[in-house]
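Here are some notes for a colleague who is opening this entry for the first time. The points are numbered so that each can be checked against the structure in turn.

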Amino acid sequence: MYAQKRVPVKVIDDESQAKLIFDSMRREILRLLSKRAFTEKQLSDIIGISPPSIGHHLKALTRGELISEVRREAGSHGIVQKWYMSNAQAFVVDRDPLRNDIRRYFMPMDIERTRGIVACLSLLKDNVTPSTRQMESLTRQICTALVKTARNYDGSIEDDPERIIHRLYVRALRQLEIIAPHQIIA
């Protein structure tokens, strides 16, 4: 049953699912569960918040169909342990169909991603100093390219989800042809 649901990449274009991953803790839980299954207690130990708080997030992510329970087992004291795993190894949010208030929530994270990319370009060529307008434009282009790449992704499940994410970014950036730093110089 579970193997049929798990995919390498899921594009989120549903507002209710996008709202679920507004929370940075839920994004971290998804990141951890993309590699392997964990129990509520294991996640609590790794992340450092209480098991009931983790349980709250797990219930929301399960209802939103972003994760699934993959195993149940009674422990030594008769307490049933549940293991959870993400339904995809990578999640990409398509901002276009979302309301502006939801879309804007992702902007700080998107801008930070773009800043990292531009900083790497600056290592290749001096004097890369984009304006705010250019950063916002490049951010929109990167988001659009990532969604397009994710929708067309034809790979399979990996033993390490970072490989999928890396592949998505490389393919998306190649679409933009921003490897030439002069394209973003003011």
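1. Y105 has a relative accessibility of 42% in this predicted model, and because buried means under 20% and exposed means over 50%, Y105 counts as partly exposed. F106, with a relative accessible area of 1%, is buried.

2. The aromatic pairs in the model come to three by the rule applied here. The ring centres of Y105 and F106 lie 6.0 Å apart with the planes at 90 degrees, so this pair is edge-to-face. Ring pairs also bring in F22, which is linked with Y105 and F106 into a cluster.

3. D110 is placed in helix α6, which covers residues 100-124, and at 3% relative accessibility D110 counts as buried. What does the side chain of D110 make a polar contact with? The partner is the side chain of R95, at 2.5 Å. When neighbours within four places in sequence are left aside, the residues in contact with D110 are R95, T139 and C143.

4. Three strands form an open sheet in the order β2-β4-β3, and their pairing is antiparallel. β2 (38-39) and β3 (67-74) are the edge strands, each having a single partner strand, so one side of each has no neighbour in the sheet. As a general point, strands of a sheet pair through backbone hydrogen bonds, in either a parallel or an antiparallel manner.

5. Looking at one pairing in more detail, β3 and β4 (residues 80-86) run antiparallel and are joined by seven bridges. S68 has M85, in β4, as its bridge partner. A separate side-chain feature involves R71, whose charged end sits over the ring of W83 at 3.7 Å from the ring centre.

6. For the protein chain as a whole, there are eight helices and five strands, and reading along the sequence gives the pattern α-β-α-α-β-α-α-β-β-β-α-α-α. The C-alpha atoms fill a box of roughly 65 × 30 × 30 Å when taken along the principal axes.

7. Of the 186 residues in the protein chain, 42% count as buried, while the accessible surface comes to about 10,700 Å², with 51% of it belonging to carbon and sulfur atoms. Among contacts between residues at least 6 apart in sequence, 67% join residues that are at least 24 apart.

Key: Residues are numbered from 1 along each chain as its sequence is written. This is a predicted model: local features need pLDDT of at least 70, side-chain atom pairs count only at pLDDT 80 or more; totals for chains, interfaces and linings use all residues. Side-chain values use heavy atoms; hydrogens and water are left out. Two strands pair if DSSP finds at least two bridges between them. Helices (H or I, at least four residues) and strands (E, at least two) are DSSP runs, numbered from the N terminus. Buried means under 20% relative accessible area, exposed over 50%, partly exposed in between (1.4 Å probe, protein chains only). A polar contact is a pair of N or O atoms within 3.5 Å; within protein, one must be able to donate a hydrogen and the other to accept it, and residues adjacent in sequence count only if both atoms are side-chain atoms. Contact means heavy atoms within 4.5 Å. Rings of Phe, Tyr and Trp (its six-membered ring) pair if their centres lie within 6.5 Å; planes under 30 degrees apart count as stacked, over 60 as edge-to-face and the rest as tilted. A charge sits over a ring if NZ of Lys or CZ of Arg is within 6 Å of the ring centre and within 35 degrees of the ring normal. Accessible areas come from the Shrake-Rupley method with a 1.4 Å probe; for residues, only the protein chains shown count as cover.
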